[in-house]
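Please have the sequence and the 3D view at hand.

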Amino acid sequence: LVASSPAIRDGIAYVATTKGRLVAFDAATGRRLWRRQLGSSIESSPVLFAQALYVGTLDGDLFKLDRRTGAITWRVKAPGPIKSAVAIWDKKVIVGDYAGHVSAYSRQNGVRLWATTSPGKRFRGPGRFYAGPAVSYGRVYIGNINSRVVALQVDTGAIAWVFSAKEFVYSSAAIANRTVFVGSYDKQLYALDAVEGDVRWK
């Protein structure tokens, strides 16, 4: 089964499966070019950056692979299962996990640069991250299943602000004109000020 979105570049489609396989196909013919077994089930959509491919697994493994050959460049263990796509910002790979952490890793070698958890009253307990992160204005914006949208400083992981919706935030945010647009299971689309987190409209 395929539970994530494919990535496509230069006529090659990259697809992850729930059986833990990452597969590259010729987008014109469907011919398989390579296949890599990554262990556990994959719901994370693969992300392309330069000549690399980044993807996470439900075992919490985060991989960087050579997109041309499927060779593994590095593999690191996140604090929890990875269900979303990563975001790439400068020299960082940023990802949320289902144990309630947002982490940043070095693109070069996979070393963890920072990790932020989401415990406490501001989050109503550990906030598992199903949505993928979005990065802009020097901040990471990401929603969790405890109805929170969190803004973190991209350099340190420090919390800039937290917004509370009324239900799960499964969707990834879109950002434009210093506004964070994000939907929730409470049937609302929110437009939030990217700097302060205040509601512009809903």
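The paragraphs below go through the charged pairs and their surroundings.

This is a predicted model, in which local features need pLDDT of at least 70 and side-chain atom pairs count only at pLDDT 80 or more, while totals for chains, interfaces and linings use all residues. Residues are numbered from 1 along each chain as its sequence is written, and side-chain values use heavy atoms, with hydrogens and water left out.

The structure holds six salt bridges, each being a side-chain nitrogen of Lys or Arg within 4 Å of a carboxyl oxygen of Asp or Glu. One of them pairs aspartate 10 with arginine 67, at 2.6 Å from N to O. This pair links distant parts of the chain, 57 residues apart: aspartate 10 lies in the loop between β1 (7-9) and β2 (12-16), and arginine 67 in the loop between β7 (61-66) and β8 (72-77). Strands here are DSSP runs (E, at least two residues), numbered from the N terminus.

How do the partners sit relative to the surface? Aspartate 10 is exposed, at 61% relative accessible area, whereas arginine 67 is buried, at 5%. Buried means under 20% relative accessible area, exposed over 50%, and partly exposed in between (1.4 Å probe, protein chains only).

Now look at aspartate 66, which meets arginine 68 in a salt bridge of 3.1 Å, N to O. Aspartate 66 counts as buried at 18%, while arginine 68 is exposed at 53%.

Further along, aspartate 193 and arginine 200 form a salt bridge, with their closest N and O atoms 2.8 Å apart. Here aspartate 193 is buried at 17% relative accessibility, and arginine 200 is partly exposed at 43%.

Methods: Helix = DSSP H or I, 4+ residues; strand = E, 2+ residues; numbered from the N terminus.
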